[in-house]
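Here are some notes for a first look at this structure. Please read them alongside the sequence and the 3D view.

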Amino acid sequence: MSVPDVLPRVGVVVLTMGERPDELARGIRSVLAQQGVETDVVVVGNGWDPATAEPPLPAGVRTRHLPENLGIPAGRNAGVTEVSGEVLFFLDDDAFLPSAAFLADGIRLLAERPELGLVQPRVVDPTGLVSPRRWIPRIRKGDPAHSSPVFSCWEGAVLMPRAVFDETGGWADPFFYAHEGIELAWRVWDAGRIAWYEGSLEAAHPVIDPARHSYYFRLNARNRVWLARRNLPALLVPFYVGSWTAIQMLRWARRPAALKAWFGGWAAGWRESPGERRPMRWRTVWRMTRAGRPPVV
């Protein structure tokens, strides 16, 4: 008698504030439609109780209510303890998976290439709008279908082994919003793995201006400083922060209001505590440099 194959189990964390019920329902449907895997899904409500969703969430989808909005990274972390599976998948409530083979294909990639510790898919707008260049997390953007090592990630759809997630310490709770994908990728590299952009995997997400948030410029700068203070050897901290300060001054030279908000966050980044400091090893700096991007820009 043959023993039936055991489907790989994926712990899926869907983060929401309850403000996009239609998109949330679409994203959950796309996860539940995945073939060749078993999914364990939790919807985390950041300042909102998903158990009150209308229409109700599908049977088998569990919920985690955070009475206060703890921010995006902390919200995702709160969902991890609620799900089982050797692989974790994080999905934002306005993203979804067009292919029912997405998770199976992603797990196959992780199995075939055990050196990978994080996989970010190619992201497309479901209405056909041109995808922003920022969705391809590398300096030389090139063909969006081209796969490569990366040193940051777009956080809206991320697949990774749970063991690697645990070793990295997870998403950066204090960040609230912005740059948590850079830190997670850096820590994947420091764990001896590779953060990977996979052009053959596709996730869908609408094109939205990240600067729509009033706190965008401030947190963008504060977290850039915190990123360095938390993760870089002390010698590299001024080089990293200095290079990004110069870049932002050039980028927003004609937007004084944006620069003022940015420098307010920059000052807060030095003044306020960034939380846990885990400087990467110099061996990691060398691996990242050899792979194409030293952590100084």
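**Notes on the structure**

1. Aspartate 93 touches Val14, Leu15, Thr16, Met17, Arg20, Glu23 and Leu24, not counting residues up to four places away in sequence. Contact here means heavy atoms within 4.5 Å. The model is predicted: local features need pLDDT of at least 70 and side-chain atom pairs count only at pLDDT 80 or more, while totals for chains, interfaces and linings use all residues. Residues are numbered from 1 along each chain as its sequence is written, and side-chain values use heavy atoms, with hydrogens and water left out.

2. Where does aspartate 93 lie? Its place is the loop between strand E4 (87–92) and helix H3 (102–112); helices (H or I, at least four residues) and strands (E, at least two) are DSSP runs, numbered from the N terminus. Aspartate 93 has a relative accessible area of 5% and is therefore buried (under 20% relative accessible area, with a 1.4 Å probe and protein chains only). The C-alpha atoms of aspartate 93 and isoleucine 28 are separated by 8.3 Å, although these residues are 65 apart along the chain.

3. The largest nonpolar core has 78 residues, and Phe89 and Trp186 have the most contacts inside it. Such a core is a set of buried Ala, Val, Leu, Ile, Met, Phe, Trp, Tyr and Cys residues joined through side-chain atoms within 4.5 Å. A second, separate core of 10 residues includes Leu219, Ala221, Ala258 and Leu259.

4. Beyond its neighbours within four places in sequence, tryptophan 186 is in contact with Phe151, Leu227, Asn231, Leu232, Tyr240, Met280, Met288 and Pro295.

5. Helix H6 (residues 216–231) and helix H7 (residues 237–251) have axes that come within 8 Å and cross at roughly 160°. The axes are lines fitted to C-alpha atoms over the stretch in contact, with angles from 0 to 180 degrees between N-to-C directions. H6 and H7 are therefore roughly antiparallel to each other (the cut-off is over 145 degrees).

6. Which residues of H6 meet H7? On the H6 side they are Asn220, Arg224, Val225, Leu227 and Ala228, and their partners in H7 are Val237, Tyr240, Val241, Trp244 and Gln248.

7. H6 also meets helix H8 (residues 256–271): the two axes come within 7 Å and cross at roughly 35°. Among the residues in this contact are Phe217, Ala221 and Trp226 in H6, and Ala258, Trp262 and Trp266 in H8.

How values were computed:
Buried means under 20% relative accessible area, exposed over 50%, partly exposed in between (1.4 Å probe, protein chains only). Angles under 35 degrees count as roughly parallel, over 145 as roughly antiparallel, 65 to 115 as roughly perpendicular and the rest as oblique.
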